[in-house]
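Please keep the structure in view while reading.

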Amino acid sequence: MAKLKIILPETKFDRTCELIYSLASKRVKAKYKEWQDKNKNLGLSASRVDFSDNQYIQKSVGRIMNNKKTDENPYLINTDILPILKKNLNFHDENEILWGDNAELYLEDLFVSLLLDMKIYPEYFKHWDSFNLHNETDFRNFYKENIVDISNNFDRLVDGFIDFTYNAHIKFKIVENHGVVEIAKQRVNEGIIGRISKERQKQELNNTDFLSFYELPEKVKVLAENVIYL
């Protein structure tokens, strides 16, 4: 008998993506405010000075701080602007700009957003049905009781998410061996795991040491399927 292949539904993970964009926008805005204050202390007018006289860069930074996506840049922060932000706004690295330096601060909101995005798709949410979760309050209570209050679960989720942001997440694969179902793990060091080849992953999704926002909904889908879903 041929194996039944389950194709998970397409979803844009709008709520989760918007949370990620918003957090990054606030980080850049906070760093920019620090930069302005520093220049004020040097006797410069923060309203008239910028770290670049390039209009494109100025507009790009302004859109990022206002969390404004455009048709030309639908994922808020493109990779061209990252080194400029890092150099001038005193970020440790590009990953800090996109994902912050302490994922634990927003992990609960991320977890809840993912479940809310997944809930409307039965194929995603069926493994959560037994927990009797219906709304955001239920999700937050579950997070506290079953993740925060159980250190191993919390550490596992934090580690899985950090691996994800550094483009080195754990790939879970269900393998049937003579009627026995096993879960195999494989660390992935480059590219997004999906239904496309490794070369196309590198070309079209991501080929950096950190996970950029390019095609963010597709990447959040990987997070849901490989860190949360299973």
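## Charged pairs, a cavity and aromatic contacts

Glutamate 225 and lysine 221 both belong to helix α10 and, because they are 4 residues apart, about one helical turn separates them. An α-helix has 3.6 residues a turn, so residues three or four places apart point the same way. In this predicted model, glutamate 225 and lysine 221 form a salt bridge in which the closest N and O atoms are 4.0 Å apart. Both of these residues are buried, in keeping with the covering of α10, where 10 of 13 residues are buried. Among the buried residues of α10 are also Leu216, Val220, Leu223 and Ile228.

A search of the whole structure finds 7 salt bridges, and three of them are set out in the table.

| Salt bridge | Closest N and O atoms |
|---|---|
| Aspartate 109 and arginine 140 | 3.0 Å |
| Lysine 144 and aspartate 149 | 3.4 Å |
| Glutamate 225 and lysine 221 | 4.0 Å |

The salt bridge between aspartate 109 and arginine 140 links distant parts of the chain, with aspartate 109 in helix α5 and arginine 140 in helix α7 (residues 136–148), 31 residues apart. Aspartate 109 counts as partly exposed because its relative accessible area is 33%, and arginine 140 is likewise partly exposed, at 26% relative accessibility. For the pair of lysine 144 and aspartate 149, the relative accessibility of lysine 144 is 48%, which makes this residue partly exposed, and aspartate 149 is also partly exposed, at 48%.

Which residues line the largest cavity? The structure holds 1 cavity of 30 Å³ or more, and the volume of the largest cavity is about 40 Å³. Its lining is made by Leu107, Leu110, Phe111, Leu114, Leu157, Phe161, Leu223 and Ile228, and the elements that give two or more residues to this lining are α5 (107–119), α8 (151–165) and α10 (216–228). Helix α5 supplies the largest share, with 4 residues. By class, the lining consists of 8 nonpolar residues, with no polar and no charged ones. Two of the lining residues, Leu223 and Ile228, are also among the buried residues of α10.

Phe161, one of the residues lining the largest cavity, also belongs to an aromatic cluster that it forms with Tyr21, Trp99, Tyr106, Phe164 and Phe213. A pair of aromatic rings is described by the distance of the centres and the angle of the planes. The structure holds 15 aromatic pairs, including the one formed by tryptophan 128 and phenylalanine 131, whose ring centres lie 5.8 Å apart and whose planes make an angle of 50°, a tilted arrangement. Are the two partners buried or partly exposed? Tryptophan 128 counts as buried because its relative accessibility is 9%, whereas phenylalanine 131, with a relative accessible area of 41%, is partly exposed.

Lysine 31 lies over the face of phenylalanine 91, and the distance from the ring centre is 5.3 Å.

Notes
Residues numbered from 1 in each chain as written. Predicted model: local features only at pLDDT ≥ 70, side-chain atom pairs only at ≥ 80, totals over all residues. Heavy atoms only, no water. Phe/Tyr/Trp six-rings, centres within 6.5 Å; stacked < 30°, edge-to-face > 60°. Buried < 20%, exposed > 50% of the residue type's maximum accessible area, 1.4 Å probe, protein only. Lys NZ or Arg CZ within 6 Å of the ring centre and 35° of its normal. 1 Å grid on protein atoms, 1.4 Å probe; cavity = no way out; pocket = protein on both sides within 12 Å on 5 of 7 lines; lining within 4 Å. Points joined across faces, edges and corners; volume = space filled by probe spheres on them. Nonpolar A, V, L, I, M, F, W, Y, C, P; charged D, E, K, R; others polar. Salt bridge = Lys/Arg side-chain N within 4 Å of Asp/Glu carboxyl O.
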